[in-house]
Amino acid sequence: MPTLYSENHLLEPEWTGELWGAEGRPVLLLTETGEDRSAWWPVAARLAASHAVAVLDLPEGGRIGDRAETLAQFVVGMGTRAPVVAAYGRAAIIASLFACRYVAHGVAAIEQALDAPAADEDTAAALEEITAGPRKIKCRYVSVFASEPRPGYAAWLAERIPGAVCTVYGTEGRYPHLSAPERFTDEVSALAS
């Protein structure tokens, strides 16, 4: 397989990742702190044929709002606007807050319910801003789960983010985007269209 990516310090030393492809709508793939970004490589390789893809490690620590701001700075530094942002776990809260505050074309939030109990005050404030704040997410939004979230979650989500879709892959484990990469890349490509 040819090398499709280049590893870079993309914005600051703590923002590292790879760039895959160079054409089409930008797609940002965010890892949760402590996760290995190489898990995104099968998805990035599939998307790179039609999208400019960045696989990013989030900076360690910091407030969620500050991390969303840094993501906005990264997008500006890429020289682009309105990316599709796909993120797993807690990184999906950052992606959602980015879409709430800035311009995104779409968000794929993986294994992160926006009505989940908050682990701390920072997370609670971010979830409150995303779901009930004065600015609403206006882009396409898909919430991806391996198994069914709590009953009523899809309707709850659609009330707070108009047009949001909740998708259940029915896969084993907690990584539906990696268990069914073809389905997930189709989903992201649809968000990017």
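Is tyrosine 88 buried or exposed, and what is its relative accessible area? Tyrosine 88 is buried, at a relative accessible area of 6% (buried is under 20%, exposed over 50%, partly exposed in between, with a 1.4 Å probe and protein chains only). Keep in mind that this is a predicted model, where local features need pLDDT of at least 70, side-chain atom pairs count only at pLDDT 80 or more, and totals for chains, interfaces and linings use all residues. Residues are numbered from 1 along each chain as its sequence is written, and side-chain values use heavy atoms, leaving out hydrogens and water.

View 1. Six aromatic pairs turn up (Phe, Tyr and Trp rings, with the six-membered ring for Trp, whose centres lie within 6.5 Å; planes under 30 degrees apart are stacked, over 60 edge-to-face, the rest tilted). Tyrosine 88 and tyrosine 175 make a stacked one, 4.9 Å centre to centre with 25 degrees between the planes. Tyrosine 88 sits in strand β5 and tyrosine 175 in the loop between β8 (165–168) and α6 (176–179), so the pair ties together parts 87 residues apart in sequence. Tyrosine 175 is partly exposed, at 25%.

**View 2. Rings in and around helix α5.** The rings of tyrosine 153 and tryptophan 156 are stacked, with centres 5.7 Å apart and planes at 25 degrees. Both residues are buried, and they lie three residues apart in α5 (residues 153–160), about one helical turn.

**View 3. The end of helix α2.** Helices here are DSSP runs of H or I, at least four residues, and strands are E runs of at least two, numbered from the N terminus. Just after α2, glycine 79 takes a positive phi of about 75 degrees.
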